[in-house]
Amino acid sequence: MPKHAAALILVTLLALASPARAEDPWPDLKTAIFGDKTVADGSAFMRVEAPQRAYDAAVVPVTVRFDREHRPAGRIRAVTLVVDKNPAPVAAVFRLGDSIADPTIGTRVRVNEYTNIHAVAETEDGSLFMAAAFVKAAGGCSAPATKTPDQAEAHLGEMRTKNLDAVQIGAPSRIELLIRHPNYSGMQMDQIKRTYVPARFIETIEVSYDGTKLLQVEGNISLSENPVVEFSFTPTGTGRLSATARDSDGAVFTEAWPVPATM
């Protein structure tokens with residue numbers, strides 16, 4: 001089992017075992033994930049954007065946005081996204097490459113009950129800062145997938161991008177990477193067989209530009225079906241944007257796109 005997967009499972013078990021979880025799980029979660037490190041208030045330069053009341057608890061858009069003018073010195077090298085009251089609270093860890101100037105990250109998560117969503121940013125010197133948003137939603141982790149397992153298998157791992165056709169050399173660009181994958185939580189019922197569908201989810205996503213790492217994502221069952229990652233990068237010349245995803249069953253999916261898209 002990958003080290004990050006074991007860590008995420010450990011955090012889940014610690015969170016579920018805590019008697020304080022029913023009230024406010026964040027203090028225990030913070031200790032389980034970050035140990036005795038200080039997690040300072042980062043609301044002066046970062047914020048979690050999410051709907052107050054989610055339209056669909058299984059697909060809740062979340063963006064962790066940063067204000068460059070008020071950010072602390074040094075780059076943001078990682079962002080941890082925590083859905084406090086989910087069965088697996090750590091939805092994802094986003095590790096940002098050196099060339100990422102804007103650390104703003106977007107994704108979609110499952111929300112199992114009314115909860116805070118915390119984002120914790122780590123700077124180059126190891127300092128931690130947090131921001132949070134409260135989301136009203138329920139049942140996202142057990143909501144049925146939109147396709148049956150057989151239907152999902154037909155397009156498993158297919159990838160595409162949004163906004164890549166608008167990229168210009170030397171200009172900061174925001175890109176969306178979309179991966180076709182059911183990201184089964186293990187809590188969903190197969191509506192035909194009436195049995196629980198085993199958990200199968202995207203564990204890692206790696207994105208690079210001409211061999212230079214832009215982004216690495218460590219995922220979990222709290223990411224939504226058909227995971228999405230939105231990120232920024234500045235292409236320095238013509239090249240190729242590449243993505244590799246691995247799921248918990250060991251399947252590996254790869255794709256690459258020319259930059260600019262029309263070259």
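Is R160 buried, partly exposed or exposed? R160 is partly exposed, its relative accessible area being 48% (buried means under 20%, exposed over 50%, partly exposed in between, with a 1.4 Å probe and protein chains only). The model is predicted, so local features need pLDDT of at least 70 and side-chain atom pairs count only at pLDDT 80 or more, whereas totals for chains, interfaces and linings use all residues. Residues are numbered from 1 along each chain as its sequence is written, and side-chain values use heavy atoms, without hydrogens and water.

R160 belongs to strand β9, residues 159–162 (strands are DSSP runs of E with at least two residues, numbered from the N terminus). On the surface, R160 gathers with K147, K162 and R180 in a patch of positive charge (patch residues have over 30% relative accessible area and no salt bridge, like charges being joined within 9 Å).

Side chains of opposite charge can pair when their charged atoms come close. The whole structure contains 10 salt bridges (a side-chain nitrogen of Lys or Arg within 4 Å of a carboxyl oxygen of Asp or Glu). One of them pairs E124 with R75, with the closest N and O atoms 3.6 Å apart. Because E124 lies in the loop between β7 and β8 and R75 in the loop between β3 and β4, this pair ties together parts 49 residues apart in sequence.

A further salt bridge joins R95 to E218, the closest N and O atoms being 3.0 Å apart. R95 is in strand β5 and E218 in strand β12, 123 residues apart. R95 is partly exposed at 32% relative accessibility, while E218 is buried at 12%.

Notes. Patch = residues over 30% accessible without salt bridge, like charges linked within 9 Å, V, L, I, M, F, W, Y side chains within 5 Å. Areas by Shrake-Rupley, 256 points an atom, 1.4 Å probe, with all protein chains shown as cover. Lys, Arg positive; Asp, Glu negative; His and termini not counted. Charge placed at Lys NZ, Arg CZ, Asp CG, Glu CD. Helix = DSSP H or I, 4+ residues; strand = E, 2+ residues; numbered from the N terminus.
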